[in-house]
2 protein chains.
Amino acid sequence: MGKKRVAVVIAENFEDVEVTAPVEALEAAGADVVLIGIESGSVKGKKGAVLDTDTTFDQLPADAIDSFDMLVIPGGGAPENLRIVDAAVDFTRRFVDSGKPVASICHGPQLLISAEVLKGRKTTSVNKIRDDIKNAGGLYEDAPLVVDGNLISSRTPRDMDVFNQAIVDALGAVGAQ
Amino acid sequence: MGKKRVAVVIAENFEDVEVTAPVEALEAAGADVVLIGIESGSVKGKKGAVLDTDTTFDQLPADAIDSFDMLVIPGGGAPENLRIVDAAVDFTRRFVDSGKPVASICHGPQLLISAEVLKGRKTTSVNKIRDDIKNAGGLYEDAPLVVDGNLISSRTPRDMDVFNQAIVDALGAVGAQ
């Protein structure tokens, strides 16, 4: 079996550490990380980080999800930029439906709300969007880590360590049976 | 009759021009503007403006709404900071229920969502929160200005002129019958 592949979706105003820390943890665990953006080129984080996207939603082949083992949705202002792009919303919806792990942190669930995949699912997030999660049918929980089936979520950068451990463990479990 | 009084609610990361331009327009129309914040002291905008709050939600008397003629909810990151403060949410809900004009722009409706006052009401906003408005039962419209009863809304700073004219007109109409 080859290396595990993880899709990390980014857009302008991503919360820097919510991208860089999971990417570092996943690569340290031996995974290939693919940064997917709305457009080609570089994307700026809220705190000044600049990252180059590896590909865009439009460039992905129709069966792209088959080639990924996990989706990570960092927070900041990125999710609200991603959620108004149909290709990003469709990709997210199909990833959740695939049953493979989908991890979100902070404002990440804004993309899950627009993908309409939270109904009856336990999720956490930064508390500033908790009412939106509830209105989307999600079951909001205020905890450092919430796991419900293939949905993994944390609240803020304060939960970074437990989040990173959870996504590395979940990736390790993919295809392990 | 004395001067009309307008409550403008602010918090960290407000969208600068969405506070300063309406305040300027309202004051030019002869209104007293009261900046209400979560805490006493100064508050920073996203683009660097620094404003001093005139009062806080906690300092307002129980019948404070009687002394105001209109509520304005600017956008940026402020509404998501206000929506997790019970006193701000209660103030907003009671203001909408009072029937007096309540104007929002950009991310402003995030506060209206948490106040649970959008059910069946036509509202616009920045498109990044349109799905949250719909999930809150609001009827989202993509237009420079949407007026539904006492709710007045615009999308972004691009709509600033029509928004300012609408709130000045609405304030002029208060008590005019």
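Helices (H or I, at least four residues) and strands (E, at least two) are taken as DSSP runs, numbered from the N terminus. The model is a predicted one, in which local features require pLDDT of at least 70 and side-chain atom pairs count only at pLDDT 80 or more, whereas totals for chains, interfaces and linings use all residues. Residues are numbered from 1 along each chain as its sequence is written, and chains are lettered from A and ligands numbered from 1 in the order in which they are written.

In chain B, seven strands form an open sheet of mixed pairing, in the order E5-E2-E1-E6-E7-E11-E10; two strands are said to pair if DSSP finds at least two bridges between them. Strand E5 (55-56) and strand E10 (146-148) of chain B are the edge strands, each pairing on one side only. Within this sheet, strand E6 (residues 70-73) and strand E7 (residues 102-105) of chain B are joined in the parallel sense by three bridges, and B:Leu71 has B:Val102 of E7(B) as its bridge partner. Helix H1 (residues 16-28) of chain B packs on the sheet, where it touches strand E1 (5-9), strand E2 (32-37), E6 and E7 of chain B, and its direction makes about 175 degrees with that of E1(B). Helix H6 (residues 160-173) of chain B lies across E1, E6, E7, E10 and strand E11 (151-154) of chain B, at about 165 degrees to E11(B). Contact between residues requires C-beta atoms, placed from the backbone, to lie within 7 Å; axes are lines fitted to C-alpha atoms, for helices over the stretch in contact, and angles run from 0 to 180 degrees between N-to-C directions.

In chain A, strand E7 (residues 102-105) is covered on both faces, with A:Val102 and A:Ser104 buried on one side and A:Ala103 and A:Ile105 buried on the other. A residue is classed as buried if 20 or more other C-beta atoms lie within 10 Å of its own, exposed if 12 or fewer, and partly exposed in between, with C-beta atoms placed from the backbone. E7(A) runs parallel to strand E6 (residues 70-73) of chain A, to which three bridges join it; A:Ile73 stands opposite A:Ser104. E7(A) also pairs in the parallel sense with strand E11 (residues 151-154) of chain A, over four bridges, and A:Ala103 has A:Ile152 as its bridge partner in E11(A).

B:Cys106, in the loop between E7 and H4, has a positive phi near 65 degrees and is buried, with 28 other C-beta atoms within 10 Å. B:Glu116, in the loop between H4 and E8, likewise has a positive phi, of about 55 degrees, although it is not a glycine; B:Glu116 is partly exposed, with 15 other C-beta atoms within 10 Å. Most residues other than glycine have a negative phi. B:Lys119 is placed in the loop between helix H4 (109-114) and strand E8 (122-123) of chain B and counts as exposed because it has 9 C-beta neighbours inside 10 Å.

Between the chains, 11 residues of chain A are in contact with 11 residues of chain B. Helix H4 (109-114) and helix H5 (130-135) of chain A are the elements giving two or more residues to the side of chain A that touches chain B, and H5(A) provides the largest share, three residues.

Conventions
Contact = placed C-beta atoms within 7 Å.
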